[in-house]
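Welcome! Take a look at it first, and then we will go through it by topic.

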Amino acid sequence: MEFSSFHDTFFDEAQELLDDMEALLLGLDVERPDPETVAAIFRAAHSIKGGASTFDFTALQRTTHGLENLLDGVRQGSLALSPASIDLMLEVRDSLLGMLAFHRRGEAPDEGAIARATGLLTDLAATMPAKGGSVETAREDSAQPADTAPHGDDTMRLAVRLQGVDDESAEGICEELGLFGELGEVSVENGVLSATLATQSSIDDISSVLCFVLEPEQISLTPVEPVEPVESIKQAPQASASTAAAREVPRERAAAPARRSEQSSTLRVSTEKIDQILNLVGELVITQATLEQAAASLDTRAHEDLMRGTSLLQRNVRDLQEAVMSVRMLPIDSVFNRFPRLVHDMAGKLGKQVELETRGHDVELDKGLIEGIVDPLTHLVRNSLDHGLELPEQRLAAGKPECGRLLLSAAHQAGNIVIEVADDGAGLNRERILAKARSNGLEINPAMSDEAVWDLIFAPGFSTAVEVTDLSGRGVGMDVVRRNIVGMGGSVSLFSTPGQGTTTRIVLPLTLAILDGMLTEVGKETFILPLSAIAESIQLDPSSLKRLPGGGRVVPIRGDYLPLIELGGLFHVPGAERDLGKAIGVVVEADRTRYVLLVDRLIGQRQVVVKSLETHYRRVPGVAAATILGDGTVALILDLPMLAALQHEGLPGETPPAPVQAISSQPSTVSGVEI
Amino acid sequence: MNIASTLKPSARDAAAARKEYLSFRLGDEEYAIDILRVQEIRGYDNITRIAGTPPFIKGVTNLRGVIVPIVDLRIKFELESVEYDHRTVVIVLNIGDRVVGAVVDDVKDVLSLSPDQLRPAPEFGGAMSVEYLEGLVDLDDRMLILLDIERLMNSREMALVDAMERGGAEDHGE
């Protein structure tokens, strides 16, 4: 087995543990820390340390060890927590994450990262005053400066025995040891250095420093006449490693796999594997459809068994497909999770008080959507904190509680997922938005409805913030938020009441992998229109069409004139219906464009599995994706907003792009060769 | 046709460098490509046309749940007669991590060729620039054109890959 595959497991586990640690730290009550929570944080640090030492990730090991020591102090009640120490612990956690990133790339953490972690630990130790009472016993040498890495509160005497040390290096080693405490009775004989050391540092700390000069096998550190509180250093009853007080050979311990406190009932599977299964299931669906088609031509009574079999197969295949799809679903909690930290940090920087509430943790979304929603949501949360919620004094002046509220919620609604970001801040400022829109040259009119005004915010380059701050307004505007969400087949809208707050509502489909589509036909070709963008379908009256200068035509619909796009003409479909009276007009409303799309026939509504064209080919103008129909052929899913643009610009083939070598003699129409 | 007998190993030390090629017919010419690029060979059917693509891109097809573009090399190479009959086949190619189908007239043989059998291709004013040719091979009774199929399929003129995705080095060869 590849050693690196253990690495990956460790990285994934460590990542999870660090995430847990973050959540636990944020939930910790500084005044009265819950012993369970502290113990859980401690265990997370301890597990990471175990793994890190297995793989010789020294810096990671030392940092987690330092953190572990301090956490142990809290657990023992000897050290007190403060809000500052929570912040620092979070930063230590971040630096661990940074080190992990180095190791993931196969590099050792750089000096800067290590120095920063050490600095943080030192700062952290300074924020945690010792509590009087419980463990003051062994502080006999309190004059000893506490200068080095974090340590327990207790002094112990160690018998140090280092093998393979020559006289030259002995001096340096003694110096190093001197930093840990009082060194006495040093002797070097036959390359063996023996000494006693009175220290407050733990054996792990000392040996990890010595490891820079010596191999672990050369090091032996044994406590002698242990002063009573040694037990409390060597705590951690659940930690498998700490049962033996003496660690003759640290690596032996390290070689044992890091034991997890609880057995996990989940299995890590790569997305590729799941998508592969999904593909195979898709094939199965097609095979089943083929079978059913074949069976349909048979006499039902004579082939009753076969009929029963095919209908059972159909049901099983559908269940299987659903089950596989559900594997791709992740709880939205995996997105919401990141916000307590973001809010905590941002509120601190902005001097605001914010209480974050999240609802609907267990609502599940397709993995693709989960990944796609992170950036837009982060942007919205930042916006709410930065521009929405007011400073405490402003809130008080407005008669609101000092502490602002931010609500993140997710819920199922009519086959969609609705995600809301709501704050109880100042709300949107209609006047300021209008003024800004005017200065941006947007089309406005003072009588616009509030909804229309809020909609202006989604225009490119729009920001109402008076000045660009460090935290938001970095040029990534709401237009990007909307584009991302529309790109996932969703929509986004704003609701706001002055003085009471703003709510942003995102509506997303349940999954990216399945689309509710309308199958249509032009000539002999099948096209799929996303159902969400279809308002209605109409029978056209050719005489009611109006021709515009330039050749475009418009269709009058209830007082509006909508442009007409003939799909057959646009895509040069052979054999497309020429008689407008026989064709069907589909009224499309997508991304604020409205038009009538002309097709030959509507075949029906169908759920289709979305397949990317880009995996093996490339993006195609006017085509969002493709799918495979029941008979195994590929059908294109149209990009309806883009069709409107294509209507103006024409397909790229018609206005040839960069001239290509030697093929200029080819006709530029698609029908070069008929099949 | 039994090719093994027509190909005599010209040098023993070249044996190690021998590569296997799949030969196929495009009109009157016989071409060959590195067989390691070939995934499978299938019939020509069920192709969905895509509007706005160059004529040699016939469209896309469903290859066991994966959507794969189909290129007609005969159109690309400006052959005079392009017919689709029972012998027309699609060679499914693995180019990098992509899969592409190439329409050819007929698949002929698998050949083992050594580098010293390769003759440099002359600069000829055909439909295709010489940079996609590995060389020519003179067999006793006929000539084989060795195609660098990977470079051809990755080239800008095939328009199979979005310009942004394409590695800069592949744009114009070396």
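A residue counts as buried under 20% relative accessible area, exposed over 50% and partly exposed in between (1.4 Å probe, protein chains only). This is a predicted model, in which local features need pLDDT of at least 70 and side-chain atom pairs count only at pLDDT 80 or more, while totals for chains, interfaces and linings use all residues. Residues are numbered from 1 along each chain as its sequence is written, chains are lettered from A and ligands numbered from 1 in the order in which they are written, and side-chain values use heavy atoms, leaving out hydrogens and water.

**Chain B at a glance**
- Chain B has 3 helices and 11 strands, where helices (H or I, at least four residues) and strands (E, at least two) are DSSP runs numbered from the N terminus.
- Along the sequence, these elements follow the order α-β-β-β-β-β-α-β-β-β-β-β-β-α.
- Of the 174 residues in chain B, 54% are buried.

**Salt bridges**
- Over all chains there are 41 salt bridges, each one a side-chain nitrogen of Lys or Arg within 4 Å of a carboxyl oxygen of Asp or Glu.
- In chain B, Asp105(B) and Arg74(B) form a salt bridge with their closest N and O atoms 2.5 Å apart. This pair links distant parts of the chain, 31 residues apart: Asp105(B) sits in the loop between β7 (98-104) and β8 (106-113), and Arg74(B) in helix α2.
- Arg74(B) counts as buried because its relative accessible area is 0%, and Asp105(B) is also buried, at 11%.
- In chain A, Arg482(A) bridges to Asp455(A), with 3.0 Å between the closest N and O atoms. Here helix α18 (residues 478-487) holds Arg482(A) and helix α17 (residues 450-456) holds Asp455(A).
- Arg482(A) is buried at 10% relative accessible area, whereas Asp455(A) is partly exposed at 22%.
- A network of salt bridges links Asp19(A), Glu22(A), Arg93(A), Asp94(A), Arg341(A) and Asp345(A).

**Aromatic pairs**
- The structure holds 7 aromatic pairs over all chains; rings of Phe, Tyr and Trp (its six-membered ring) pair if their centres lie within 6.5 Å, and planes under 30 degrees apart count as stacked, over 60 as edge-to-face and the rest as tilted.
- One of them is the tilted pair of Tyr31(B) and Phe77(B), with 5.5 Å centre to centre and 35° between the planes.
- Tyr31(B) is buried at 9% relative accessible area, and Phe77(B) is buried at 8%.
- In chain A, ring pairs join Phe10(A), Phe11(A) and Phe57(A) into a cluster.
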